[in-house]
Amino acid sequence: MMNSLFWEKQPNHHIPRFQPLFGMKTLKGRTEQQGKLLGSFDEKDYLSRKLLKPGDDPYRDHAFNVQESDRLGGERAIRDTRHYRCASMSYDAELPSTSIIITFHNEARSTLLRTVKSVLMRSPPSLVQEIILIDDFSSDPEDCQLLAQIPKVRCLRNVRREGLIRSRVRGANAASASILTFLDSHCEVNTDWLQPMIQRVKEDHTRVVSPIIDVISLDNFAYLAASADLRGGFDWSLHFKWEQIPIEQKMARSDPTQPIRTPVIAGGIFVMDRSWFNRLGQYDTRMDIWGGENFELSFRVWMCGGSLEILPCSRVGHVFRKRHPYDFPEGNAGCCVCRNTRRAAEVWMDEYKQYYYSARPSAQGKVYGSITDRVALRKRLNCKPFRWYMENVYPELRYEPPWKSLNGSALLETLTIFYNFQRWELIEPLIRQQDLCLAISAFAPGSKVKMEPCNTKEARQVRTSVFT
Ligand code: UD2
Ligand code: MN
């Protein structure tokens with residue numbers, strides 16, 4: 001069970017639920033703007049120099065259908081997927097501008113160009129200070145260099161593969177605007193995507209905000225509206241998943257344009273005040289390539305005095321993929337993701353990290369490097385304990401490991417298969433794991449099994465109660 005596949009993206013959960021939409025608006029009056037928008041950049045030439053060769057598998061290099069993407073070219077109309085009330089929202093006339101940071105490794109030219117052009121076309125020009133592309137050592141340096149002919153676009157190329165975490169930090173360090181906006185390299189931003197996010201950050205610089213992330217089909221590049229009542233969540237193995245807003249919060253939401261508090265962000269698309277980003281310690285730059293940085297950032301923001309929210313009036317499309325199109329220097333994704341999430345767990349999760357190790361036993365053997373600096377950062381910032389996060393930000397995350405619904409022999413078997421790395425002890429009459437013990441929730445048939453602080457006087461924890 002615990003092979004490297006387990007570390008690959010989990011099917012579907014990372015893709016938000018979406019609603020198909022009909023009808024398309026067309027772009028009007030764009031052509032005259034083109035010249036000004038792109039400067040000396042020759043879009044046709046850029047795209048046509050790199051097209052799929054007949055007979056080549058269109059999914060091979062990018063894990064999406066690049067032929068479809070190329071067919072769309074550098075821009076297209078997309079449906080305005082916001083709630084209709086968003087269109088009448090008003091924002092400050094004077095909003096601070098932002099540096100847009102896009103890191104990429106061997107991105108397809110058409111998706112990369114559409115990301116850049118959609119930003120230029122659908123943002124108030126005064127809000128876009130610059131677009132900083134960080135070419136994370138792609139095979140062809142021209143993918144990035146040629147785009148720097150577009151006004152406002154800068155290109156920084158890494159001399160070796162750094163991964164998205166260090167690449168973003170490089171971009172942030174080069175940024176000149178007071179607000180940072182991060183985007184993946186295969187996005188298309190939607191109408192008025194930027195104003196709501198900058199407004200929220202301007203009002204309170206400790207807010208870290210993200211849009212609703214719409215789905216661009218990896219097969220036919222259809223632009224699909226994501227459900228508007230999702231937030232970011234995770235399980236104890238630190239797999240990100242979209243989940244429904246808890247029902248009480250949903251009922252309390254009378255206004256669909258209101259921000260949605262989220263325990264974690266997906267990671268790729270967010271806006272953050274630059275000084276706040278720096279003060280909070282940017283990212284953990286000992287994390288490699290991909291994965292885990294969104295948890296580390298999310299825990300850090302919440303626990304050290306900030307907040308995370310999703311703004312329904314901001315929409316950005318993203319091509320969600322089912323596998324990584326690029327290679328990992330160490331061979332597979334597991335190495336990096338495991339090390340990265342382990343670092344996040346070790347620095348931020350306190351005693352709760354045991355749940356991470358229970359769900360990810362293979363993480364225990366992995367070398368993860370020194371965390372001294374990050375632990376010192378946490379202390380310096382005087383951040384709250386993970387328990388506070390659990391109680392106040394994500395109380396819905398249950399403590400019970402996945403065997404909670406099992407009983408009797410099925411339970412024992414599951415424990416042996418999944419948790420034989422954990423030091424389970426049978427100290428009669430309790431079944432212990434450090435200070436927690438297995439217990440049934442009630443003396444009733446089919447009652448669930450959970451973990452709770454050990455107490456020899458608690459009959460529900462007695463071995464014979466649990467295993468019947
Ligand atoms: C999601 C996030 C992504 C990141 C990741 C966890 C969204 C939409 N995407 O995965 O931003 O937080 O979770 O780490 O929330 N890249 C490099 N160098 C590398 C590898 C990747 O520059 O070595 C670039 C890549 O070209 C892309 C970005 O980093 O622009 C994110 O990578 P991805 O698209 O493979 O990640 P994704 O969307 O599956
Ligand atoms: Mn992506």
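**Exercise 1.** Identify the protein donors of the manganese ion (ligand 2) in this predicted model.

*Solution.* Step 1: look for the protein atoms that coordinate the ion; these are OD of Asp184, NE2 of His186 and NE2 of His318, lying 2.2 Å from the manganese ion (ligand 2). Step 2: read these donors along the chain, where their spacing is D-x1-H-x131-H. Asp184 sits in the loop between β5 (179–183) and β6 (187–189), while His318 belongs to strand β13 (residues 307–319). The two are 134 residues apart, so the pair links distant parts of the chain.

**Exercise 2.** Decide whether His318 and Glu68 are buried or exposed.

*Solution.* Step 1: the cut-off for buried is under 20% relative accessible area. Step 2: His318 has 10% relative accessibility and therefore counts as buried. Step 3: Glu68 has 18%, so Glu68 counts as buried too.

**Exercise 3.** Locate Glu68 and list its contacts beyond four places in sequence.

*Solution.* Step 1: Glu68 lies in helix α3, which covers residues 66–72. Step 2: leaving out residues up to four places away in sequence, Glu68 touches Asp219, Asn220 and Phe221.

**Exercise 4.** Describe the protein as a whole through its secondary structure, burial, contacts and surface.

*Solution.* Step 1: count the elements, which gives 16 helices and 17 strands. Step 2: of the 468 residues, 56% are buried. Step 3: take the contacts between residues at least 6 apart in sequence; 76% of them join residues at least 24 apart. Step 4: the accessible surface is about 20600 Å², with 52% belonging to carbon and sulfur atoms.

Conventions. Residues numbered from 1 in each chain as written. Chains lettered and ligands numbered in written order. Predicted model: local features only at pLDDT ≥ 70, side-chain atom pairs only at ≥ 80, totals over all residues. Heavy atoms only, no water. Buried < 20%, exposed > 50% of the residue type's maximum accessible area, 1.4 Å probe, protein only. Contact = heavy atoms within 4.5 Å. Areas by Shrake-Rupley, 256 points an atom, 1.4 Å probe, with all protein chains shown as cover. Donors = N, O, S within 2.8 Å, 3.2 Å for Na, K, Ca; no water.
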